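Look at the structure first, then read on.

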Amino acid sequence: TLFRSQTAQICSPEQSGYEPPLDVACRLLGASASSLSRALCTRTIQLPGEKPIRTPNSMPKALEMRDALARHLYHAVFSHVVRTANESFGFQAEALFCGVLDIFGFEFFQVNSFEQLCINYTNELLQQYFNSFIFENEAALYKEEGIAWNPLDFPDNSSIVMLLHDRNTGILPMLDEECFNVGGSSESWASKLTRAHNGHANFDIVKHLKGVFIIKHFAGPVTYTVEGFLEKDRDQLSMDIVECLQDESNPFVSARLLEQRRSGRSPSVAKLMSQLNTQPSLVNLGKRGSIVTRAQRQTVSSEFRQQLQDLLRQINATVPHFIRCIKPNHKNQPFVNPLDECPQPLLDRSAVVEQLRYQGVLEAIRVARAGFPVRFVHVDFIRDFRCLTTGDLRKRLEAEVKEPSAQGAEAVRAFLSCEDVTRLASGSPLKGWEVGRTRIFLKQEPFGILRSMLARHRSTAATKMQAAQRRHSARSKYLTFAGAILRLQAQVRGAAVRGNLYRQRREEASTVLEAG
């Protein structure tokens, strides 16, 4: 029953070739059924000064042991596969390398548990690293350009990170501590969280729901259900299971367990115990009394946090580049109907917005806009916006564009402070810009005003050009029509004069005939 899945079975006992799940596990691990079932269903307890005794595990406890064994075996084999693959590729840890870190995004489900908290904690740490990376780059650039700026403008999620991993009152360390308390439970841990973080800006509780708390992450608030947190965080792989697998399992499994050092005590404590020849729970140290020394206590969250710290140390030693990938739809299709003559792109807007929020893209935009997100080299800025000025300043800017000089910064300052710009900006001087040694830095608001002014100026210029073109076209048509009319009038007048002359000559001829 212990090894039978709750959702599926290998085959029924009536079918031919049926093999009990325990026998399958023992065959794969190379252990005997009696020793493995004994290690899972019972545990060894040894009190100081007493002989070890075995006591049976409850059904939930035995299931936890089974799941812990599966997790550790998976971890050991997976680590071996990764290490073997790296060795076959010729990977050298100290060599120059280009790595790709594919991180999981922010998770928010209907019911959020320990797994979602670990994943969201990872995203908080990586978002903090992204913020600090952008902050350091911005600070270096501003210092190089001689720009005055306020570091408090940058968003910071340090309070959320400290809420999660502070050594004394962090949510995850408090969870680890609760795992080793006698009688500890998820409900008591939730009560301690409420008392410790009541009033915290990023922590809240749901009053009408018991065993539920809310963490306000950078991507949005997430509601977590405390049920099962302790069971998932405990490291339940007992020494009985370790000894069973090390003594009877096949060499591959034993080697993998040794590689992962799945020991119930740390090497230093184990060495100290062997030297003092004492029980591992009590060690007499010092002159005035005894100090209780526990073996190294490891939980899933503590190991997870240690791996994250190792990852961040490796990332800090590299030059990172950030790429955000957005999946347009869940059907993995580019178009609604590819057979249409003009196919319509398949874009799930709600899913895209959710990814933008949960992958930290909106937060990244907020970080980028916190300082001076718009930058121009002096000559490029003058070339783009010189058309907003007139008179001598316009001539000065034109000369600066043709032949850039060391006075570019002064020309930019003169432009931003001139009356033409102030008049176009509704009569108030622009704010939120700084001129550096080689670049002009603007916040989004003044840049938006300048772009609006430039758009209006270009619209006015385009209107004038259109009017001139229409005038030219109308004049050309008018001149053509006028010339044609003059020619027609000349033809008509000529015809009339010729008719009159013809009649006059006839009359004169008739007069001469009559007189003769």
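Asp240 forms a salt bridge with Arg54, with the closest N and O atoms 3.7 Å apart. A salt bridge here is a side-chain nitrogen of Lys or Arg within 4 Å of a carboxyl oxygen of Asp or Glu. Asp240 lies in helix α9 (residues 239-248) and Arg54 in strand β2 (residues 53-56), so the pair ties together parts 186 residues apart in sequence. Helices (H or I, at least four residues) and strands (E, at least two) are DSSP runs, numbered from the N terminus.

This is a predicted model: local features need pLDDT of at least 70, side-chain atom pairs count only at pLDDT 80 or more, and totals for chains, interfaces and linings use all residues. Residues are numbered from 1 along each chain as its sequence is written, and side-chain values use heavy atoms, leaving out hydrogens and water.

The structure holds 12 salt bridges.

| Asp240 | Arg54 | 3.7 Å |

Glu138 sits in helix α4 (residues 114-145) and Arg375 in strand β6 (residues 374-377), 237 residues apart. Is Glu138 buried or exposed? Glu138 is buried, at 12% relative accessible area. Arg375 is partly exposed, at 28%. Buried means under 20% relative accessible area, exposed over 50%, and partly exposed in between (1.4 Å probe, protein chains only).

Glu398 belongs to helix α16, while Arg386 is in the loop between α15 (378-385) and α16. Salt bridges with shared partners join Arg386, Arg394 and Glu398 into one network.
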